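Morning, everyone. Please have the structure up on your screens. I'll talk about charged pairs, then about domains.

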Amino acid sequence: MAKQGDERRKVRPATAMVHGGTARSGFGETSEAMFLTQGFVYETSEAAEARFKGEEPGFVYSRYSNPTTRMFEERMMALEGAEDARGTASGMAAVAAALQCQVKAGDHIVASRAMFGSCRYVIETVLGRAGVASTIIDGRNLDEWRAAIRPETKVCFFETPANPTLEIVDIAAVAEIAHAAGARVVVDNVFATPMFQKPLQLGADVVVYSATKHIDGQGRCLGGIVLSSKDWIDEFFHDYHRHTGPSLSPFNAWTLLKGLETLPLRVAQQTRTAARIADLLAESGKVAKVLYPGRADHPDAAIAKKQMTGGSTLIALELKGGKEAAFRFSNALQIILISNNLGDAKSLITHPATTTHKNLSPEARAELGIGDGLLRLSLGLEDADDLGEDIEAALAAV
Ligand SMILES: *Cc1c(COP(=O)(O)O)cnc(C)c1O
């Protein structure tokens, strides 16, 4: 294999996202090769034996590892500053595996209530059935973490900024509380993206992504990844991942590798647009509330500033007039599309109360700040002036 891009010298993120992890075959291809193979062959039985014993490096089966998947993992490790990683078939496969691999019946998980609905199902229903107890708290309140953690607590889990209200949890503070009690911290870093927040450097033990979102960023495929120290992967994740099979397909890994090449550019541009649109919405006088981590009026602006190096590509906005106003506004948009996805090149708007968070009771939604007038707006790569005009016209129609 030709020399790897990231071995030349220590490089900055934009360079690492173009060259990091690249392993060229003997053909010397420019672009990363897509290794669509289930298995691998060996010259001799002795070579197969050595490979299986781990005495000789190399791939044995694509459920375990694959050259294209490994390139994606290594490029993500370079960006995250992680010692090791495993790609997964989806973001939920990453969350479920990262939690399940390190708990057993009798253990306990503490999680912040503002999270993706499926994460809550994994913690309360799937792990609950397996005898793992959980306590769901307001993750912004450090006293609630202190009160909820008990001797059998193994994992603290949260998302920050959280879906869909963009609430922020103090990663370093929760990590300190968790570690003092012998628990590990798993952070779902989808909303911040690896460009703006490095949970491992702030004290988290494991970081998970839905690569479906900004990492692909062009609406093409599902994917996920779990990143951590080599010790954690070896102790908890390596065997779990091999034997339960949530593996990332090489085809999707290749798509995600190509996504990483443009991730820094896309996230920077989408964030510039989001900051402009957040100001436009706040100044319109027609919106009850605008929540954007890059704005000084965000309730957790101080923590956002401390742990994030950029705002977000997402905005939460509350329209006066509840569901009717939210629907009328969304329906009046001509460029921004109605969709429950996010992080895409296309700007997307979601009404959480009737879609992503419809399974929660109205009381639970109220507790999370998900009113009937709340909308989540994911800014894409369109011209910001066009998006601004689209929004102004739709506001006028409400
Ligand atoms: C989308 C999402 C997930 C799940 O990812 P999939 O790739 O759809 O399985 C998990 N966490 C957050 C915060 C998400 O936005």
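Start with one term. A residue is called buried when its relative accessible area is under 20%. Over 50%, it is called exposed, and anything in between is partly exposed. Keep in mind that this is a predicted model.

Now, the charged pairs. Side chains of opposite charge can pair when their charged atoms come close. How many salt bridges does a search of the whole structure find? The count is 25. I'll take three of them.

Here is one pair. Asp84 and Arg70 form a salt bridge, with their closest N and O atoms 3.0 Å apart. These two link distant parts of the chain. Asp84 is in strand β1, residues 84–88. Arg70 is in helix α3, residues 67–80. Buried or exposed? Both Asp84 and Arg70 are buried.

Asp84 and Arg70 belong to a network of salt bridges, along with Glu73, Glu74 and Arg86. Find those five residues on your screen.

Next pair: Lys53 and Glu49. Their side chains meet in a salt bridge at 3.8 Å, N to O. Why are these two about one helical turn apart? Because they sit 4 residues apart in helix α2, which covers residues 45–53. Now check accessibility. Lys53 is at 55%, so it counts as exposed, since the cut-off is over 50%. Glu49 is at 46%, so it counts as partly exposed.

Arg113 lies in the loop between β2 (108–112) and α5 (117–129). Glu367 is in helix α13, residues 362–368. Arg113 has a relative accessible area of 14%, so it is buried. Glu367, at 51%, counts as exposed.

Let's move on to the domains. The chain is divided into domain 1, residues 13–258, and domain 2, residues 263–397. Their centres, taken over C-alpha atoms, are 27 Å apart. Which residues make the contact? Domain 1 gives 35 residues, and domain 2 gives 35 residues.

What about the area? The size of an interface is often given as the accessible area lost when the parts come together. Between domain 1 and domain 2, about 3000 Å² is buried. Carbon and sulfur atoms give 63% of that. Which residues of domain 1 lose the most area to domain 2? They are Ile168, Phe196 and His214, together 24% of what that side buries.

Now the polar side of the interface. Between the two domains there are 2 salt bridges. There are also 14 residue pairs in polar contact across the interface.

Which helices supply the domain 1 side? α1 (13–19), α7 (171–180) and α8 (193–196) each supply at least two residues. The largest share comes from α8, with 4 residues. By class, the domain 1 side has 20 nonpolar, 9 polar and 6 charged residues.

To recap: 25 salt bridges in the whole structure, and 2 of those counted between domain 1 and domain 2. Thanks. Over to you for questions.

Conventions. Residues numbered from 1 in each chain as written. Predicted model: local features only at pLDDT ≥ 70, side-chain atom pairs only at ≥ 80, totals over all residues. Heavy atoms only, no water. Salt bridge = Lys/Arg side-chain N within 4 Å of Asp/Glu carboxyl O. Buried < 20%, exposed > 50% of the residue type's maximum accessible area, 1.4 Å probe, protein only. Domains from an automatic or database assignment. Contact = heavy atoms within 4.5 Å. Buried area = accessible area lost by both parts, 1.4 Å probe. Polar contact = N/O pair within 3.5 Å; in protein donor to acceptor, adjacent residues only side chain to side chain. Nonpolar A, V, L, I, M, F, W, Y, C, P; charged D, E, K, R; others polar.
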